[in-house]
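Please look over the sequence and the model below; the paragraphs that follow lead from a surface feature to pairs of charged side chains.

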Amino acid sequence: MPEEVEFEADGVEGTREGELKLTGEVEIRQGERRIQTRDATYNPQDESFKVDQGVQYTDGTVTVRGSGAHIDRAGGAVFEGAEFELADVNGRGSADRIRATTEGSLSLDRVRFTTCPLGNEDWMLTASDIDINQRAGIGVGRGTRLDFKGVPLLYMPIFSFPVGDERKSGFLIPTPGTSSRSGYSLTVPWYWNIAPNYDATFTPTYFSKRGTKLDTQFRYLNPVGEGQVDVEYLPDDREFGDERSLVHFVDQSDLTRRLRLNIDASNASDDEWFEDFGLGPEGTSVTYLNRSASLTYLDDRWLAILHAQNFQTIDFATENRMPIAPANRPYTMLPQMAVRANFPDQPFGLTYGMDMELANFDHNVDGLNTGWRSDFAPEIRMPLRGAGVYIEPSASWRYTRYKLNEDGLDGDTDDDTITRSAPILSVDGGMVFERLFGSRQQRVSTIEPRFMYLYVPYRNQDDLPVFDTELPDLNLVQLFRTNRYVGADRLGDANQLAIGFTSRWLDADTGEQYIAATVGQAYYFDRPRVTLPGETIDDPETSDIIAELDLRAYGDWNIRGGIQWDPAETQSERGQLTLQYRPDYDRVMNLGYRFRRDRLEQVDGSVAWPISQRWSVYGRMVYSLEDNAIDDTAPIDPSLPADTLPRRDESGVIDQFAGLEYRSCCWRFRVVARRYVSDRTGDLDTSVLLQLELNGLSSVGTGSNTFLERSIRGYSLDPSKDE
C-alpha cells in the first residue's frame, strides 16, 4: 500500500466545488518524497493536488522543477515544462512533461539530457520520450539522438542506457574501428539480461575487408559454480576464403565442499585466426590452445586430481618459418590421476608424505612412444624448528614404471615395460637473524641464510621416453628442489650443496618490506650425468649464481631485478631489471630491460602521465637490441612462453603505441595509435583506438582504457586500485 499523503500550507480556503485552496507556502509529503510550491488545489474526492505555479519535487534521487503539476492519491506526479536532476549520475535535463511514480520511475516527453554542469552542453542526449527506472538503473529512449559539440554522433529508434549499476537487456553504444588486416569495422552490441544468474552479449561486427562476424558471450552462475562460453563466428571471410570460428568454454563447479570440477577448452577453426583477430604480439602469437578438465579433491591430508588434457596446435608454415614438427607437439593425457598425501605430527616428530601419479600418454604421430606411466614417491621428513632456526632432513624413494604400447617400441627391443627407482636424501635448513635499527628503532633488518644438501644416485635413463618433462630455467626455487627436471621422465642425479642468503629491511610496526636481496648457488661434489635428449652438460663445479633484488625504499620508486651469472665463463646468461616511478594511480613511468644470451635482448619503456589539468599522455615501446630475429622455438623465461614470442621487424620494434587524452567536466576523449608485430614472421599491423567517454552515460569506441591498464604496468583509472 502507498504511504499516506500529508500536506502543510500557510492557509486553507474552501470552494463551492468542495475543493480546498491551499495558499502561501505549500509542502506535500509522502515518505521521502517532497513537493514544494506556492498555492495549490486539493480535491478531497480523488485525493489529488493541482499546482499551477512553479513547483519543486524531490525523492532523494531525482529533483524536478516545473511550471505546474498534478499529484494523485498514490503520490504519482505529472509535471509540465519541467527541468530535472538525477543525483546518482549527476545528470540534468528538461522535458515538456514528466511523470513520476512512487516506484521511482520517470517517463519524460521531448527530452534533453546531459551530465554537463549548467552553462555547458558539450554533449546532449535528445529523445522523443525516455523512460527511466531508477531502481533498475536503466533508461530506455525512443527517437534518440546523441550530439557532441553540436555534431550528431548517432541516432537510434530505441536506445538503452545505464543510469546506475544494474543490468538490462538492450543495445549498447556502437563501436567503430580500423585494422590493417581487416579494414574498417563497426560493432553494434546487444546485451540480454536473461535472468539474475544468466546473461548474454551478442556482438555483430562488420569488417570492410572480411564481412560480418558475430561474437557471442554467455555467462552463468549456478548453485555450485560459474562459467562462460565465448563463440566468435565468421560465416564467410572474404580475405580468408572460408568460414571461421573460435570457441572458448570455462567452468568452475564446487560439487561439494571438497570436490571441484574445472573445465577450460578452446578450439580455433584455422591456424591464422589469432594473427588476423588478436591484438598486439601477446594476442597474435598464440601457438597452443588448451583443452583440459580436472576433478580435484582436497582435505587436510589428501589432494587428489583426475585430469585430462589435450592441445590444439596453432601454427603454420611461411617462407620464413617452418611449422612445429608433429613429433614435437605435446602429448595428450587421457587420463592422469595424481595423489598427494601429508601426515604431520607422527611419532618422534616425523612427517609422512606421498606423491603418486598414473597417466596415459597418447600421440597422433605413429612411431612415437605412447602408453602408461606410473610414478610413486613415499617420503619421511623430520621438521626440527627453534627460535630463528630450522632443519629438516628427509628421505624418499621414487619408483617410476612405464607400460608402453607396441606401436611405439624401438625395433631392436620387444620390452614394453621399463622401470626406474632411486632414493632421494636431503637436509634442508636455515636461520633468521634480525635486529632493530634507525633513530627510533623503527626498522628491522634480517639476514636469512639457507642451505640444502641433496643426494640422488645416478640411474641410466636413456631408454626412458620423454612425455612431459623439461629442464626449467634456473631460479631460486629451482635451486632448492630435489629434482632439477620438471616431470617424472627424468630424475636428476645429485651430490650437491645449495646455499642461499636473503637480507630484508622491514617496517617494525607494519611488517612492510622496503628492500629484499637474495643470492644463491649450488656446489657439485659429483658432475651430473642424467640428461634429456639433445641436452649437453659441461663439467662444472658449481651452478650459475642466481641473484634477485626488490627495492621499495624510496617513496614512489621501486626497482626489481634478477641475474643469472656463469662464474666459469665470467658472463651473465640471463637477466632482467625494471624501474618504476608511480606517485599516483594514474601517474606512472616504467623502464625495463631483459636479456638472455644469444636469444633475446629487449628494452621496454612505458609512461602514463597527466601533463596538465585536462591533458594526459600515454606511450610504450618494446624494442629488440638483437641483430637477428628472435628464435621462438624454445623457452625464454617462465613469463614469456617460447611459442608466444614474436619476431621483431627490421627496425627492432616489437610493439609501440602513443596516446593522448583530454578530460572535460563531463566527458573524456582518448586516442591511441599502435603499431605492433602481428605474427611470428615479423609482419606489422597498425591500429588506432578511439574512445569518447560521456560521464554518467556510457562510452563510444574501443575500450582503450582497458588496453592502457593492461599494457602500462601500474597504471589505473580507478583510485581504489592504488597500491
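Val 389 is placed in strand E29, which spans residues 389–404, and in this predicted model Val 389 is partly exposed, with a relative accessible area of 38%. Together with Met 431, Phe 433, Ile 447, Phe 501 and Val 519, Val 389 makes a nonpolar surface patch of about 520 Å².

Turning to charged side chains, a search of the whole structure finds 43 salt bridges. One of them joins Arg 450 to Asp 428, with the closest N and O atoms 2.8 Å apart; since Arg 450 belongs to strand E32 (residues 443–456) and Asp 428 to strand E30 (residues 417–431), the pair ties together parts that are 22 residues apart in sequence. Within this pair, Arg 450 counts as partly exposed at 29% relative accessibility, whereas Asp 428, at 15%, counts as buried.

A salt bridge is also formed by the side chains of Asp 655 and Arg 674, at 2.8 Å from N to O, and this pair links distant parts of the chain, with Asp 655 in strand E41 (residues 653–663) and Arg 674 in strand E42 (residues 667–677), 19 residues apart. Asp 655 is buried, its relative accessible area being 3%, and Arg 674 counts as buried at 4% relative accessibility.

Glu 661 and Arg 663 likewise meet through their side chains in a salt bridge, at 2.9 Å from N to O; Glu 661 counts as buried at 1% relative accessibility, and Arg 663 is buried with a relative accessible area of 16%.

Terms used:
Residues are numbered from 1 along each chain as its sequence is written. This is a predicted model: local features need pLDDT of at least 70, side-chain atom pairs count only at pLDDT 80 or more; totals for chains, interfaces and linings use all residues. Side-chain values use heavy atoms; hydrogens and water are left out. Patches are made of residues with over 30% relative accessible area and no salt bridge: like charges are joined within 9 Å, nonpolar side chains (Val, Leu, Ile, Met, Phe, Trp, Tyr) within 5 Å. Accessible areas come from the Shrake-Rupley method with a 1.4 Å probe; for residues, only the protein chains shown count as cover. A salt bridge is a side-chain nitrogen of Lys or Arg within 4 Å of a carboxyl oxygen of Asp or Glu. Helices (H or I, at least four residues) and strands (E, at least two) are DSSP runs, numbered from the N terminus. Buried means under 20% relative accessible area, exposed over 50%, partly exposed in between (1.4 Å probe, protein chains only).
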